[in-house]
Amino acid sequence: MSVDSPELKNALSNCFIENQKKLYLTALAITKNHQAAEDALQEAYLKTVKKCHQLKDVAFAKTWITRIVINECKNMLKSNKTIATDFQEFETQFIEDFNDEELRFYSMISNLALEDKEIMTLKYFQGYTLDEISAILNMPLSTVKSRVYRALEKLKSEWSD
């Protein structure tokens, strides 16, 4: 596929759609707001198609798209510090999709600090490896490992409470 070709745009669009639910959960975990998560996904989709020429290897399309979604969420949080939290609505809307432990785990992750929340969402909701997370977030593998460990320790203590 040539750079910026219709085939590449179509492939990226399909990749985005195939992973939409996981991308939405990622956006929701970061923004803690349905509307903000949806807005971030829309912006990320537009950027994915518009900037497809920046993708160096189609094999990394999913990680590239995930990074765009995360960056859009961060941009939203920076520009709008007053995003209203509507986690309760999430719990009732998606209750059939998750069991009680998954919902509790999701809720606990969404309350972590942003940098921990990103890593844990990528690992446990998107299923990325630590190496892939390192590439997505452009941070050293050792930093990713230490943040996962630190976040898991926080979650363990909260889980046992």
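**Helix packing and the main pocket**

Helices α2 and α7 run roughly antiparallel to each other, a label given to angles over 145 degrees, while those under 35 count as roughly parallel, 65 to 115 as roughly perpendicular and the rest as oblique. This is a predicted model, in which local features need pLDDT of at least 70 and side-chain atom pairs count only at pLDDT 80 or more, while totals for chains, interfaces and linings use all residues. Residues are numbered from 1 along each chain as its sequence is written, and side-chain values use heavy atoms, with hydrogens and water left out. Helices here are DSSP runs (H or I, at least four residues; strands are E, at least two), numbered from the N terminus.

**α2 with α7**
- The axes of α2 (residues 20-31) and α7 (residues 114-124) come within 9 Å and cross at roughly 160°; axes are lines fitted to C-alpha atoms, for helices over the stretch in contact, with angles from 0 to 180 degrees between N-to-C directions.
- From α2, L25, T26, A29 and I30 make the contact with L114, K117, E118 and T121 of α7, where contact is heavy atoms within 4.5 Å.
- Four nonpolar, two polar and two charged residues make up this contact; Ala, Val, Leu, Ile, Met, Phe, Trp, Tyr, Cys and Pro count as nonpolar, Asp, Glu, Lys and Arg as charged, and the others, Gly among them, as polar.

**α1 with α3**
- For α1 and α3 (residues 34-50), the axes come within 9 Å and cross at roughly 155°, so this pair is roughly antiparallel.
- This crossing is right-handed.
- K9, L12, S13 and F16 of α1 meet L41, A44, Y45, T48 and V49 of α3.
- The contact has six nonpolar, two polar and one charged residues.

**α1 with α4**
- The axes of α1 (residues 6-18) and α4 come within 10 Å, crossing at roughly 70°, and that makes the two helices roughly perpendicular.
- Here too, the crossing is right-handed.
- L12, C15 and F16 of α1 touch A61, K62, W64, I65 and V69 of α4.
- Seven nonpolar residues, no polar ones and one charged residue form this contact.

**The largest pocket**
- About 280 Å³ of space lies in the largest pocket.
- Its lining consists of Q54, L55, K56, D57, A59, F60, T63, W64, R67, E132, A135 and I136.
- Two elements, α4 (61-79) and α8 (130-137), each give two or more residues to that lining.
- By class, the lining of the largest pocket holds six nonpolar, two polar and four charged residues.
- On a 1 Å grid over the protein atoms alone, a pocket is an open set of points with protein on both sides within 12 Å along at least five of seven lines, whereas in a cavity a 1.4 Å probe fits but cannot get out; lining residues have an atom within 4 Å of a point.
- Grid points are joined across faces, edges and corners, and volume is the space filled by probe spheres set on the points.

Methods
A crossing is left-handed if the near helix is turned anticlockwise from the far one by less than a right angle, and right-handed if clockwise.
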